[in-house]
Amino acid sequence: MESNLLGSSPGSPLCCPVCAEPLVRVERCLRCENNHSFDVARSGYVNLLLSSARRSKQPGDNSAMITSRRRFLEGGYYQPISDEINRQFSAAAIESSCIMDAGCGEGYYLARLSDQLPVSQNTRCYGMDISKPAVVAAARRYRQINWLVGSCARPPFLNDSLDAILCIFSRACFEPFAQALKPSGRLIMVTPASSHLKELRGLIYENVIDHRRDKFIDAAAEYFDLIEEKRVTHTITLPDSRAILDLLAMTPFFWRITLERKSHVASLDALTVQLDVDVRAFVPCN
Ligand SMILES: [Zn+2]
């Protein structure tokens, strides 16, 4: 099936990561007026991550982590988060024509949001991640969304081009986000609240410190005002070690856990964990 996306419609928000001029679709590539050209892959995504912006050869989640992440999310454990994102989105009644998910992973949240948008709004959705395996997995599964490899620190979007940015457990880059958003746009952020995955953290760290919920608001304050906040709490039971390890692979703890503790986690038959997150909407300060 051919994807019909990535700049084929007028008014694409994408810009060249080299020179920041608008990108237009020319056959199988996106090209700027300075002739910088980026191939659209067969599966329909485009790689706009410059090698100079990569900190490692393969930045972001690897294929195994993406497989874990997809299996876990499709288990529905995090659906309350997705539902709250979608609710805030509908409640805001944004005349959304352009949405970007910054750090989209394998596409779960953006695809669920896209599915609930009225077709009549003709919204264009862009999912961006620094991990190429994540974007490949997203592009193969969800054809009606534009997928790109790119960096949140320098998102390849024109100034004032986006109506909404989602940032879900991902590093927020407030200054470039504020630039890419229209003045009427909004940023929807999901961040861990105090007790998020406390039980899992207890298996990994000697001392479990509560997450400080306000730190994200403080970090955003120079560029964004908070306008809505909902804390989503939910108890989830992971029924087997595969689900437990899948969850672990989605978290930052994955990189820090010792081998000994990891084998202990892997030996558990089941685990009940607390989901505790803040879903917040921000608008740019003038
Ligand atoms: Zn260019």
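**View 1. The lining of the largest pocket, to which β9 gives the largest share, four residues.** In this predicted model, the largest pocket holds about 1,600 Å³ of space. The pocket is lined by 47 residues, and those that lie nearest its centre are Phe169, Ser170, Arg171, Met250 and Pro252. Two or more residues of this lining come from each of the elements α1 (63-74), β9 (181-192), α7 (215-220) and α8 (241-250).

**View 2. The open sheet of eight strands, in which the pairing is mixed.** Read across the sheet, the order of the strands is β4-β7-β6-β5-β8-β9-β11-β10. The edges are formed by β4 (45-47) and β10 (224-238), each of which has a single partner strand, so that one side of each is left without a neighbour in the sheet. Direction ignored, neighbouring strands of this sheet are turned against each other by 20° on average.

**View 3. The pairing of β4 with β7, two strands that run parallel.** Strand β7 covers residues 146-149 and is joined to β4 by three bridges. Which residue of β7 is the bridge partner of Tyr45? The partner is Trp147. Helix α2 (residues 79-92) packs on the sheet to which these strands belong, where the helix touches β5 (98-102), β8 (162-168), β9, β10 and β11 (271-284). The direction of α2 makes about 20° with that of β11.

**View 4. The aromatic pair of Tyr126 and Phe157.** A search of the whole structure finds ten aromatic pairs. In the pair of Tyr126 and Phe157, the ring centres are 5.7 Å apart and the planes stand at 85°, so the pair is edge-to-face.

**View 5. The open sheet of three strands, with antiparallel pairing.** The strands of this sheet follow the order β1-β2-β3. At the edges stand β1 (24-26) and β3 (37-39), each with a single partner strand, and therefore one side of each is left without a neighbour in the sheet. From one strand to the next, the twist averages 30°. Strand β2 (residues 29-31) runs antiparallel to β1, and three bridges join the two. Among the residues of this pairing, Arg25 has Leu30 in β2 as its bridge partner.

Technical notes: Residues are numbered from 1 along each chain as its sequence is written. This is a predicted model: local features need pLDDT of at least 70, side-chain atom pairs count only at pLDDT 80 or more; totals for chains, interfaces and linings use all residues. Side-chain values use heavy atoms; hydrogens and water are left out. On a 1 Å grid over the protein atoms alone, a cavity is a set of points where a 1.4 Å probe fits but cannot get out, and a pocket is an open set with protein on both sides within 12 Å along at least five of seven lines; lining residues have an atom within 4 Å of a point. Grid points are joined across faces, edges and corners, and a volume is the space filled by probe spheres set on the points. Two strands pair if DSSP finds at least two bridges between them. Axes are lines fitted to C-alpha atoms, for helices over the stretch in contact, and angles run from 0 to 180 degrees between N-to-C directions. Contact means heavy atoms within 4.5 Å. Rings of Phe, Tyr and Trp (its six-membered ring) pair if their centres lie within 6.5 Å; planes under 30 degrees apart count as stacked, over 60 as edge-to-face and the rest as tilted.
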